[in-house]
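Good morning, and thank you for coming. Please look at the sequence and the structure as I bring them up.

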Amino acid sequence: MLSAGLSVCLLAVSCALWPAVVRAAACEPVRIPLCRSMPWNMTKMPNHLHHSTQDNAVLAIEQFEGLLGTGCSPDLLFFLCAMYAPICTIDFQHEPIKPCKAVCERAKYGCEPVMKRYNHNWPDNLDCSELPLYDRGVCISPEAIVKAEGPDPYYQNPGRCNPESSPDFPMDSNNLHCRGPEGDPCRCKTVRMALKTYLKNNYNYVIRAKVRAVRNRGLEPTAVIEVKEVLKSSLVNIPHDVVTLYYSSSCLCPPLTPGDDYLIMGYENEETSRLLLIESSVAQKWKDRMAKKVKRWDQILQGKRRAPQHRSRH
């Protein structure tokens with residue numbers, strides 16, 4: 001069901017205007033394969049894109065399968081399904097509920113750079129400016145949906161550990177150090193940038209980047225960054241563009257502050273082409289001398305790797 005904040009403002013009006021039989025008949029089960037994982041299972045046609053049937057909507061949403069496969073935004077699938085298979089409840093049937101503007105903007109922000117690399121722009125019919133703000137109207141976003149038995153595990157407590165400043169994510173001073181999976185307080189271990197650390201951890205990638213946003217999506221917390229310089233890359237081609245880093249836990253370690261430039265050292269998953277942040281990763285505020293240090297350290301690391309080979313030949 002919808003959260004109380006989402007449903008209370010129109011509940012009385014909708015119940016007065018829509019007899020129970022009419023309201024029950026207006027919803028239909030979601031049959032669009034891409035949207036069956038969403039935390040709602042009933043929709044209403046026509047949708048927000050004016051498709052009269054789900055069969056027509058399926059053909060239209062399938063064009064985004066390639067974009068979804070890039071992982072450009074954790075909000076993209078939710079946003080698309082909210083547009084193509086809008087949630088339908090007995091409380092809101094006169095007009096399907098739209099996704100919140102901030103959800104659209106997050107999806108566009110992450111995915112439009114990918115689209116532009118293939119000479120495509122964000123579609124006009126998905127214009128974010130036409131959608132309602134979270135605090136000025138009825139709309140849905142991942143954090144606004146709950147189930148009768150409690151939060152959906154995929155969207156559990158998304159604001160609790162989330163340092164984003166969008167209207168959908170309330171800020172508080174404990175966002176970066178909240179709760180781990182067992183309910184224990186998060187305490188990120190500080191990993192300092194040093195030669196000993198670099199040689200011991202053997203990082204796959206080292207980059208200079210500006211942090212755009214940090215997001216906690218329950219099972220897949222991420223950081224959206226703009227890569228300014230690639231100092232090292234071993235397994236994945238890292239573009240000088242907006243990319244996503246994937247945290248290994250909801251504690252968001254190491255912590256990153258949106259708006260700041262960092263030197264980031266982490267690991268690459270060659271199979272998924274993902275850049276990973278784990279507890280032993282380094283994230284330190286950028287200073288100009290850092291690039292020279294890293295290049296010198298990498299030369300030392302390569303020298304240590306070659307040394308055993310030379311000894312084995314004698």
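This is a predicted model: local features need pLDDT of at least 70, side-chain atom pairs count only at pLDDT 80 or more; totals for chains, interfaces and linings use all residues.

What percentage of the residues in the protein chain is buried? Of the 314 residues, 48% are buried, where buried means under 20% relative accessible area, exposed over 50% and partly exposed in between, with a 1.4 Å probe and protein chains only. Residues are numbered from 1 along each chain as its sequence is written, and side-chain values use heavy atoms, with hydrogens and water left out.

The protein chain has eight helices and eight strands; these are DSSP runs numbered from the N terminus, helices being H or I of at least four residues and strands E of at least two.

Let us turn to helix α5, residues 76–84, which is mostly covered, with eight of its nine residues buried. Among them are Phe78, Phe79 and Tyr84. The buried residues of α5 pack against α3 (54–61), α4 (65–69) and α6 (101–117).

Is Ser281 buried or exposed? Ser281 is buried, because its relative accessible area is 1%. Leaving aside residues up to four places away in sequence, Ser281 touches Val191, Tyr203, Pro254, Met265, Gly266, Tyr267 and Leu276, a contact being heavy atoms within 4.5 Å.
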